[in-house]
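Please describe how charged side chains pair up in this protein, and what can be said about its helices and its surface.

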Amino acid sequence: MCRNIKTLFNFDPPATNDEVRDAALQFVRKLSGTTRPSAKNQHAFDHAVEAIAASARELLDSLETHQHPRNREEVAAKLKAKAAIRFA
């Protein structure tokens, strides 16, 4: 599951709140060992996702770098080429 979490820092345009929340959701799923919590655990699951998303957004907003922002399309093309070689 955590393989789906992508680097979100130093991209142009910056990561959206939806992307940050999706990464938080994947992280909570990995930690809890479930993709769909029971009704009894739903509140705790949702609270954890929101808390982690808020912390992740705070982290991304506070990080600094001297590197130029990466282009999303170029990074995606490199990953597709790498996957094509790996799974060919």
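## Salt bridges

A salt bridge is counted here when a side-chain nitrogen of Lys or Arg lies within 4 Å of a carboxyl oxygen of Asp or Glu, and by this rule the count comes to three salt bridges. The model is a predicted one, in which local features need pLDDT of at least 70 and side-chain atom pairs count only at pLDDT 80 or more, while totals for chains, interfaces and linings use all residues. Residues are numbered from 1 along each chain as its sequence is written, and side-chain values use heavy atoms, with hydrogens and water left out.

## Pairs that link helices

Glu19 forms a salt bridge with Arg72, and their closest N and O atoms are 3.1 Å apart. Because Glu19 lies in helix α1 (residues 17-32) and Arg72 in helix α3, this pair ties together parts that are 53 residues apart in sequence; helices are DSSP runs of H or I with at least four residues, strands are runs of E with at least two, and both are numbered from the N terminus.

A salt bridge also joins Arg21 to Glu50, with 2.9 Å between the closest N and O atoms. This pair links distant parts of the chain, since Arg21 is in helix α1 and Glu50 in helix α2 (residues 42-62), 29 residues apart. Arg21 has a relative accessibility of 31% and Glu50 one of 41%, so each counts as partly exposed, a term for values between buried (under 20% relative accessible area) and exposed (over 50%), found with a 1.4 Å probe and protein chains only.

Arg57 forms a salt bridge with Asp61, the closest N and O atoms being 3.2 Å apart. Both residues lie in helix α2, four residues apart, which is about one turn of the helix. An α-helix has 3.6 residues a turn, so residues three or four places apart point the same way.

## Helix α3

Helix α3 covers residues 72-87, and its end C-alpha atoms are 22 Å apart, which agrees with the 22 Å that its 16 residues should span at 1.5 Å a residue, where the expected span is 1.5 Å times one less than the number of residues. Of these 16 residues the number buried is zero, so α3 lies largely in the open.
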